[in-house]
2 protein chains.
Amino acid sequence: MDFFRKTGRMALGSRLRNLTEKVTADAAAIYDLYEVELRPKWFPVFFALSQASALRRSGASAAAGGETGKTVTAIAREIGHSHPSVSCILKEMKAAGLVRFRQGRTDARQTVASLTPKGRSMTHAINLQYEDVARAIEDLGRESEHDLWAAIEDWERLLEARSLLQRVAELKEKREATEVEIVPFDDGQHHEAFRRLNEEWIRQLFGVVEEADYYEFDHPVENIIQKGGCIFVALLRGEPVGTFAMMRCKNPAYDYELVKFAVSPRAQGHGIGRRLIEACLAHARRTGGYRLFLESNHKCAAAVHLYEKYGFRHLAVGHSEYARCDVQMELVLQ
Amino acid sequence: MDFFRKTGRMALGSRLRNLTEKVTADAAAIYDLYEVELRPKWFPVFFALSQASALRRSGASAAAGGETGKTVTAIAREIGHSHPSVSCILKEMKAAGLVRFRQGRTDARQTVASLTPKGRSMTHAINLQYEDVARAIEDLGRESEHDLWAAIEDWERLLEARSLLQRVAELKEKREATEVEIVPFDDGQHHEAFRRLNEEWIRQLFGVVEEADYYEFDHPVENIIQKGGCIFVALLRGEPVGTFAMMRCKNPAYDYELVKFAVSPRAQGHGIGRRLIEACLAHARRTGGYRLFLESNHKCAAAVHLYEKYGFRHLAVGHSEYARCDVQMELVLQ
DNA sequence: ATTAAATACGTAATTGATTACGCAAAATTA
DNA sequence: TAATTTTGCGTAATCAATTACGTATTTAAT
């Protein structure tokens, strides 16, 4: 059952990597063929430098007093590597006697690298090698029925327009629009689910349900809603599968405290946590309660991660009604 | 002048890497979207394990006593990674509480990994994610004009049949067949070139030409050929650009000593060294001289590398006629 | 002219994979 | 049955690239 290697991103990723591998694999052996003492990974840098010295010899910048070589960042930009990578490769090539450095004349920060005579003496052989390889690749393109280059270009263009992330997010959004709904708590319909969903994860992670939990479980309307709070319930195809509540806060520094965040494990992946927290933030904004507080536990990694994503900041942990609390966070909206 | 990024292996390599990058880039962000606490690189291993537990639940091996999980190497084979990679990923997933290990029942060397309940509770979300991504990729395939999958398949098949190395080697061979020729030494035509080509690199690398060199430079026919040796000259488009000579040996342990290996720097990359050494080995075989000896210097890295490639073995360095000698090698043919 | 921001670049740490190596268990051979 | 080879797998080293970060220098802003 290796279905997952036959479709999807995994498949594409590994096929691409595979082909890259095959194209890149015998690079070292190819250099050997030409009796060139050049490590494959030096090639782009070498090529960039050889262009520079070719330019100079053809007289382009001879008027500028024989300026030759290229700076580290210029090479990096040209070949599409990071500058530390180039810096490192140049160091290796210097050790092999192929390049030398000098300081930039107009800018003392710059390191200008250029080929030594030994390095320059290799350009001929490397050009030969390069041309043969280019021809081999072109032949391959002609032999193959489907145009790889054009296909790559297509995909690059399409992904440029809308990244994979965007595309996936849109598909997900569309799928969920019909499946997931966030509704205000209705004691008649949701009382039991509110209790069950929360009790489930609390028991699973911590074993014991605490006093403060029962306070909210038993009389949610009286103890949460009638005191100015609010409870949201997430429905997946009509079934309640998640809850999140906002309580008015004793601590005058905050407007609301978020409590009873629960998503059924069977319903994960539908963005229910995200939708619930967004409902809460929207409600907070609507009612002018900008200063939010919440408590959690480091074991609820997914939840804490979500809070962080929505901008909640960690506080030094102070007193709490809950024994299981070891994380406190706040968010000031706007 | 970024010609080199527009054609050839470099171009293909970097375009492929680029596309892979784009497809792989926001993997972490996509997991986030599904509120899944899974690192992208865990995915293949996770998927393999989820298949195992799905299999078990569907009853396939329930008869076998609830055997579940997969061994490290089985996973590695399945997902195409090396086994240490899998071992490492499993260790990380164990730390995250997603997998557990047990020893193989029939084979005590095996480590059998399986998902914990926590791990299993994530499969639903991950499957959702996986299906959305697969759909997005399929949509991309439909949107693009050229068929990337088919093109990749073409190239894989073509490279399977003949690797890039083979293709390049053949092109090179063909090109050189008309350009390069190895001929026996002719004192009238080659005397001056024999001296010049060798003097050139000796002076460049070591400054001084030695007594033993002049012995061979000045009377090559008398001192090499008439004593039972042989000199080969490489011609590039008719021009002498390389030499290699075989002398009868004083040391009775060897049949020939190879000397005066020179290739003009301007002619490197045409496989001249290779052709010269092959000519020598063929001559040795033809004349029944199987035991070969040569001296060199570590500075001649390309030459020593070539000798090694043709099977020469390094000796502890003993006495030599040449002051510059710090490498001695031998090869016994057949 | 002074201060702040941006830039060039080197070093160090990290990442995600690999190969090298060694130990213990199993399988094979003598 | 003993000895040898093969296999499973963990640890360590390596590799090729990256990001993070610090320092020196230049440019821009006040």
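Tutor: Let us begin with pLDDT, which is the predictor's confidence in each residue, from 0 to 100. This is a predicted model: local features need pLDDT of at least 70, side-chain atom pairs count only at pLDDT 80 or more, and totals for chains, interfaces and linings use all residues. Residues are numbered from 1 along each chain as its sequence is written, and chains are lettered from A and ligands numbered from 1 in the order in which they are written.

Student: What is the average pLDDT of chain A?

Tutor: Chain A averages 88, and 93% of its residues score at least 70. Over residues 60–66 of chain A, however, the pLDDT is below 50. Beyond near neighbours in sequence, that stretch has 6 contacts in the model; a contact means that the C-beta atoms of two residues, placed from the backbone, lie within 7 Å. Where pLDDT is low, the predicted coordinates should not be read in detail.

Student: Into which domains is chain A divided?

Tutor: Domain 1 covers 34–161 and domain 2 covers 176–332, with bounds that come from an automatic or database domain assignment. Their C-alpha centres lie 57 Å apart.

Student: What makes the relation between chain A and chain B that of a two-fold axis?

Tutor: Copies are superposed by least squares on the C-alpha atoms of residues with pLDDT of at least 70 in both. A rotation of 180 degrees with 0.0 Å of shift along its axis puts chain A on chain B, with an RMSD of 0.2 Å. That is the relation of a two-fold axis.

Student: How do you know that the copies meet through the same surface?

Tutor: Because 99% of the interface residues of chain A are interface residues in chain B as well, the copies meet through the same surface. The contact takes 80 residues from each of chain A and chain B. On the side of chain A that touches chain B, the elements giving two or more residues include helix 1 (8–24), helix 7 (123–143) and helix 13 (272–286). Helices (H or I, at least four residues) and strands (E, at least two) are DSSP runs, numbered from the N terminus.

Student: Which residues come nearest to DNA strand C?

Tutor: A residue is near a strand if its C-beta atom, placed from the backbone, lies within 6 Å of it. Of the 17 residues around DNA strand C, Pro84(A), Ser87(A), Gln110(A), Lys41(B) and Ser85(B) come nearest. Helix 5 of chain A gives the largest share of that surface, 3 residues. Around DNA strand D there are 17 residues, with Ser85(A), Thr73(B), Ser87(B), Gln110(B) and Thr111(B) the closest. There, the largest share, 3 residues, comes from helix 5 of chain B.

Student: Why is Arg109(A) called exposed?

Tutor: A residue is buried if 20 or more other C-beta atoms lie within 10 Å of its own, exposed if 12 or fewer, and partly exposed in between, with C-beta atoms placed from the backbone. Arg109(A) has 9 such atoms within 10 Å, so Arg109(A) is exposed. Arg109(A) sits in the loop between strand 2 (99–103) and strand 3 (111–115) of chain A.

Student: And what is the phi of Arg237(A)?

Tutor: Most residues other than glycine have a negative phi. Arg237(A), which is not a glycine, has a positive phi of about 50 degrees. Arg237(A) is found in the loop between strand 5 (230–236) and strand 6 (239–248) of chain A. With 11 other C-beta atoms within 10 Å, Arg237(A) is exposed.
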